[in-house]
Amino acid sequence: MAELELHNQNLMPKLIDYLSSLLQRVAEANDINVRFQPQKISVFHGLTRPNISIQSYLERIFKYANCSPCCFVVAYVYLDRFTQCQPSLPINSFNIHRLLITSVMIAAKFMDDMYYNNAYYAKVGGISTTEMNFLEVDFLFGLGFHLNVTPTTFQTYCTYLQKEMLLLQPVVVPPINFEDSSLLIGSRSPKLQYICYNEDESSSQQQQQQLVV
């Protein structure tokens with residue numbers, strides 16, 4: 001947890017901003033892919049797109065859930081696992097809000113000693129308690145009840161998120177000295193590669209991330 005300094009109050013808003021931006025890009029991409037790739041309808045799927053944006057919804061959860069900051073990283077891990085276990089249920093604009101409130105609630109229950117009940121999270125998420133109960137059960141079965149997050153896995157996701165947040169920060173580029181030809185020879189723009197952690201502790205290989213476009 002120290003890897004990302006999650007208790008830094010200046011860092012959490014940046015993490016919320018980045019996660020919402022990431023999930024927004026994924027949802028929009030999958031909204032387009034639905035024309036070419038069949039996607040199942042699940043209990044997480046709404047009839048219409050919610051009026052509240054992903055960022056505003058995640059900020060609302062952060063404000064009222066009062067869970068420990070690490071729960072948002074663990075929720076991200078759960079979402080990544082869910083999309084890998086359920087490839088026919090990709091994140092899109094119709095299900096992301098319900099997936100978010102469910103993953104954060106389950107992460108809080110698993111990580112925190114004290115947490116709010118389903119009825120409270122239902123109010124935070126703008127749904128009924130009955131629906132919240134159904135979402136929790138479906139999410140758990142979708143994960144195969146694989147809730148444990150090892151310190152190595154947690155640190156890997158923290159490191160990834162930290163690197164991506166740093167890349168989003170504006171960088172002051174120093175002026176180029178055109179007399180120094182070494183700056184111009186063989187230079188090329190870095191390519192950003194997105195990876196997700198392979199949780200098989202006996203393997204050091206990494207897979208292409210499904211949660212990132």
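A nonpolar core is a set of buried Ala, Val, Leu, Ile, Met, Phe, Trp, Tyr and Cys residues joined through side-chain atoms within 4.5 Å. In this structure, which is a predicted model, the largest nonpolar core has 56 residues. Those with the most contacts inside this core are Ile 61, Phe 72, Tyr 78, Leu 100, Tyr 121 and Phe 139. The elements that give two or more residues to the core are H1, helix H2 (54-65), H3, helix H4 (96-111), helix H5 (118-125), helix H6 (129-143) and helix H7 (151-168). H3 contributes the most, with 11 residues.

**The chain as a whole**

The secondary structure consists of seven helices and two strands. Read from the N terminus, the order of elements is α-α-α-α-α-α-α-β-β. The chain has 213 residues, and 42% of them count as buried. Among contacts between residues at least 6 apart in sequence, 81% join residues at least 24 apart.

**Helix pairs**

Two packed helices are described by the angle between their axes and the distance between the axes.

| Pair | Angle between axes | Distance between axes | Crossing |
|---|---|---|---|
| H1 and H3 | roughly 15 degrees | within 11 Å | left-handed |
| H3 and H6 | about 70 degrees | 8 Å | left-handed |
| H2 and H5 | about 145 degrees | 9 Å | right-handed |

Helix H1 covers residues 11-33 and helix H3 covers residues 70-85, and their axes cross at roughly 15 degrees. H1 is therefore roughly parallel to H3. On the H1 side, the residues that meet H3 are Met 12, Leu 15, Ile 16, Leu 19, Leu 22 and Leu 23. Their partners in H3 are Phe 72, Val 73, Tyr 76 and Leu 79. By class, this contact has 10 nonpolar residues, no polar ones and no charged ones.

H3 also packs against H6, at an angle of about 70 degrees. This angle makes H3 roughly perpendicular to H6. From H3, the contact takes in Tyr 78, Leu 79, Arg 81, Phe 82 and Cys 85. From H6 come Asp 138, Phe 139, Gly 142 and Leu 143. These residues divide into six nonpolar, one polar and two charged. Leu 79 of H3 takes part in the contact with H1 and also in the contact with H6.

H2 brings Tyr 57, Arg 60, Ile 61, Tyr 64 and Ala 65 to the contact, while H5 brings Tyr 120, Tyr 121, Lys 123, Val 124 and Gly 125. Here the division by class is seven nonpolar, one polar and two charged.

**Two tyrosines**

Tyr 121 is one of the residues with the most contacts inside the core, and it is part of the contact between H2 and H5. Not counting residues up to four places away in sequence, Tyr 121 touches Ala 65, Cys 67, Ile 101, Val 104, Met 105, Ala 108, Tyr 116 and Met 132.

Tyr 18 lies in helix H1. Is Tyr 18 buried or exposed? A residue counts as buried under 20% relative accessible area. Tyr 18 has a relative accessible area of 3%, so Tyr 18 is buried. Tyr 18 and Gln 162 are 144 residues apart in sequence, yet their C-alpha atoms are 9.8 Å apart in space.

Definitions and conventions. Residues are numbered from 1 along each chain as its sequence is written. This is a predicted model: local features need pLDDT of at least 70, side-chain atom pairs count only at pLDDT 80 or more; totals for chains, interfaces and linings use all residues. Side-chain values use heavy atoms; hydrogens and water are left out. Axes are lines fitted to C-alpha atoms, for helices over the stretch in contact, and angles run from 0 to 180 degrees between N-to-C directions. Helices (H or I, at least four residues) and strands (E, at least two) are DSSP runs, numbered from the N terminus. Angles under 35 degrees count as roughly parallel, over 145 as roughly antiparallel, 65 to 115 as roughly perpendicular and the rest as oblique. A crossing is left-handed if the near helix is turned anticlockwise from the far one by less than a right angle, and right-handed if clockwise. Contact means heavy atoms within 4.5 Å. Ala, Val, Leu, Ile, Met, Phe, Trp, Tyr, Cys and Pro count as nonpolar, Asp, Glu, Lys and Arg as charged, and the others, Gly among them, as polar. Buried means under 20% relative accessible area, exposed over 50%, partly exposed in between (1.4 Å probe, protein chains only).
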